[in-house]
Every structure is written in C-alpha cells, then in structure tokens.
Amino acid sequence: MTRSASPVTGRVFNFSAGPTVLPEPVLHKAKQELLDWQGIGASVAEISHRSADFIALAAQAEADLRALLQVPDDYAVLFMQGGATLQQALIALNLAAPGARADYLITGHWGKTALQQAAPYVDAHIVASGEAQGFCDVPAREDWQLSADAAYLHVTDNETIHGVELNLPLDVEVPVVADFSSSIASRPIRIRDYGLIYAGAQKNLGPSGISVVIAARALLERSGQKRAPILDYRAHLARESMLNTPPTFNWYLLALCLAWMREQGGVAAFGARNAARAQKLYAAIDGSQGFYRNRVATAHRSRMNVPFFLPTAELDAQFVAQAEARGLIGLKGHKVVGGIRASLYNALPDAAVDALVDFMQEFRHRHV
Ligand code: PMP
C-alpha cells in the first residue's frame, strides 16, 4: 500500500515505539554535514574518537544532557553501547555482591527482562508484580514486599509495551535503579530520587546504538562482582565513555538531538507538551463510546506510549493498514499485547497527534 507523506517534507507521522522519529532539523543538519563536518573535509563517522573535534562533541553532549536533566555534580554520566538490556545485567554485576538480594518491582514486560538479566548474578526478589492483573495497574505501594537488605530496588519508570507509568513517590531506603528508556527527558524529574537511571537513546533522545547512564558517583564505587573492565562502570567512567571505540555517528546524532531539545525549551517545555498530547489522545479513546479501549488505570496511563484496542483484532488490523495509507505509521501494537500503540516521543510533531485523533474519529464513524 502506498503511504501518503507530506507533500512539503516527504515525511510521514511516525508513532513507532523505537527506533523512531528524529527531529527534522537534526536530520537536515546531519544531511548537510555528512560529507564535511566542521570544515574538516570528512564526516564525523570517518574520524578518530580520540580527535579533539570528537572529544569536544562528546563533552558538549554530556554538558547538554546535564543541563537538560539538571544532573548534580556528584552524579556521573556515561554513554555506552549494548542498549538498555546490557544495563540490566551490568546493574547487578556492578551494584550487588555475588548472590546478594536485589529487589524488583514488575509493572510490565521490561521489568521482567530486567529481572531475567540480573537473575544469574543476584538473589532477585519480586517486590510486587502487576502481571496477574494483565499489567493494567501498578501494585499498591502498601503491598510491596521490600527487602530490608536489598542492594537496590529496580523499577521501570515507563513500560513501553503495556503503556504503564509508575507515577508515584517511591520513598524507599535503598538506592533506586530506574529504567527510563521510554521516558527520559520527556518531563522534569529529580535525579536525586534515584541512585542510577539508564535509557537506550532510541526513543526520546536520538538513534539506537547508544545508551545513557546517570549514576550517583558513590554508588559506582561499590565493589560489585568479579567482572571484566568492559562490564565495569568504573572503567568506563575512568576512560570518559571511551574505553573502546564508541558508536561515533550515533553519539553525534544524540548530541544534535540534545541541542535541539534545549533550543525547544528543555524538559519543562516537553513535559507540558507531552501531557497535553497524551490527554488529547486518551480523551479521544475515552470519548469513543467503547469503540477504542485502553485498559490501564487512569493514574498510571503512560504519557509516552498509548496502547488501545478496537472491538476486534480484524478491526485493529484494518485501522493500522488504513492509518499507514494516510501517512500515520508505526501504530501496530507490540506482539505481546496486540492492538494499537501510539508512541508520542519528544520529536513527534503535535500535528501528528491531531492527525491521529481525526483519523480515529473518522474510522469509528465508518464502523459503527
Ligand atoms: N526497557 C524499556 C522500557 C524498553 O522500552 C526497551 C526497548 N523497547 C528496553 C528496556 C530494551 O532496550 P534495548 O533494546 O535498548 O536493549
């Protein structure tokens, strides 16, 4: 089926969960600089990561990330490869002694993968899980069974597949380790509420192939478990995230995205915009007289990933195909839950959400 894209830009509206849409000005700049970056006569992908030009880029990216998220000086920032999944294993190896107790709150699919990646190294304990309720709610805080001696508590700030946002004060004694893969820089947060946060860049921050870790320096001093330097946060920190050859082009795109986010007003501006856009989409779902349904408890509905269902799986499929023909792509739900999922990350233009809401209304009128 042919997709109809904007006649002006040739671009569609991309609701993919990640990798996903990048800011258009970033793509233009990258295109313009591809053959000759900063007058050096080569692209950023063709020069040494040890060159002064690249080191300056890396330093600027860190400065921009620190400014965006107001990262305190006693927190380290790392840029790493291996995705969020690698972090899920490194957390256990670096922050817990062999077989030590580590607590996990499970609010969706990614909490489960975090637990799986850590399980070979720690005594992973499930504090509470929303699985029996189909991950439609966050288990009540008073029902969590926290361990007194846990090395850390792992939580997922936003469950990308189930569309569940934690959205509650954690108020625990042990360091909180949080997966922010699909919500980093989408709203202001208080870094000091966390011991360590991590995220793959491919949703709110830029391209895949690079992840960010923000961690209290004191936490990174823990001896953890026997591990090779490549698996050791301390080694990455000592070498300023260049222990081995980093993904330079991804880092460059990430740097362009961070600069763009600052120009756009930073996380406060994105937070307000993202809340308004999510509100608009949930209102369209809730106002559809049951044609569209989202099952997540209102207080924990994600502002980033909005899963919803039509009356039948056949209608779900028709919706996705017809939306795509209109230039609204990436709406097919994840195979774990099915249905539709609209991801509303920072780089998605507001007009995309308006176009989706219009299409939902029109589709419903044709089918009721
Ligand atoms: N955690 C969350 C919340 C995610 O959304 C994802 C990817 N969709 C992951 C972890 C896994 O990330 P990666 O593919 O970068 O390893």
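**Figure 1. Contacts and overall build of the predicted model.** Among the contacts in the protein with a separation of 6 or more, 67% are between residues 24 or more positions apart, where contact means heavy atoms within 4.5 Å. This is a predicted model, in which local features need pLDDT of at least 70 and side-chain atom pairs count only at pLDDT 80 or more, whereas totals for chains, interfaces and linings use all residues. Residues are numbered from 1 along each chain as its sequence is written, and side-chain values use heavy atoms, with hydrogens and water left out. The secondary structure comes to ten helices and 13 strands, both taken as DSSP runs numbered from the N terminus (helices H or I, at least four residues; strands E, at least two). The radius of gyration is 21 Å, close to the 21 Å that the globule rule gives for 368 residues, so the protein is as compact as a globular protein of that length; the radius is taken over C-alpha atoms, and the rule is 2.2 Å times the number of residues to the power 0.38. Along the principal axes, the C-alpha atoms fill a box of roughly 60 × 60 × 30 Å. Of the 368 residues, 54% are buried, a class defined as under 20% relative accessible area, with exposed over 50% and partly exposed in between (1.4 Å probe, protein chains only).

**Figure 2. The aromatic pair of Phe291 and Phe363.** A search of the whole structure finds 15 aromatic pairs, counted for rings of Phe, Tyr and Trp (its six-membered ring) with centres within 6.5 Å, and called stacked for planes under 30 degrees apart, edge-to-face for over 60 and tilted for the rest. One of them joins Phe291 and Phe363 in a tilted arrangement, 6.3 Å centre to centre and with 45 degrees between the planes. This pair links distant parts of the chain, since Phe291 lies in the loop between helix H8 (266–286) and strand S11 (305–308) and Phe363 in helix H10 (residues 350–367), 72 residues apart. Phe291 counts as buried at 5% relative accessibility, and Phe363 counts as buried at 0%.

**Figure 3. The aromatic pair of Phe308 and Phe319.** The ring centres of Phe308 and Phe319 are 5.9 Å apart and their planes stand at 85 degrees, so the pair is edge-to-face. Because Phe308 lies in strand S11 and Phe319 in helix H9 (residues 313–325), the pair ties together parts that are eleven residues apart in sequence. Phe308 is buried, with a relative accessible area of 0%, and Phe319 is likewise buried at 0%. One aromatic cluster is formed by Phe291, Tyr292, Phe308, Phe319, Phe359 and Phe363.

**Figure 4. The surroundings of Ile340.** Ile340, found in strand S13 (residues 340–343), is buried with a relative accessible area of 0%. Leaving aside neighbours within four places in sequence, Ile340 is in contact with residues including Phe308, Phe319, Val306, Leu310 and Leu331. The C-alpha atoms of Ile340 and Glu240, which are 100 residues apart along the chain, are separated by 41 Å.

**Figure 5. The surroundings of Val337.** Val337 lies in the loop between strand S12 (328–329) and S13, and is partly exposed, with a relative accessible area of 26%. Not counting residues up to four places away in sequence, Val337 touches Ile161, His162 and Phe309. The C-alpha atoms of Val337 and Gly134 are separated by 9.4 Å, although these residues are 203 residues apart along the chain.
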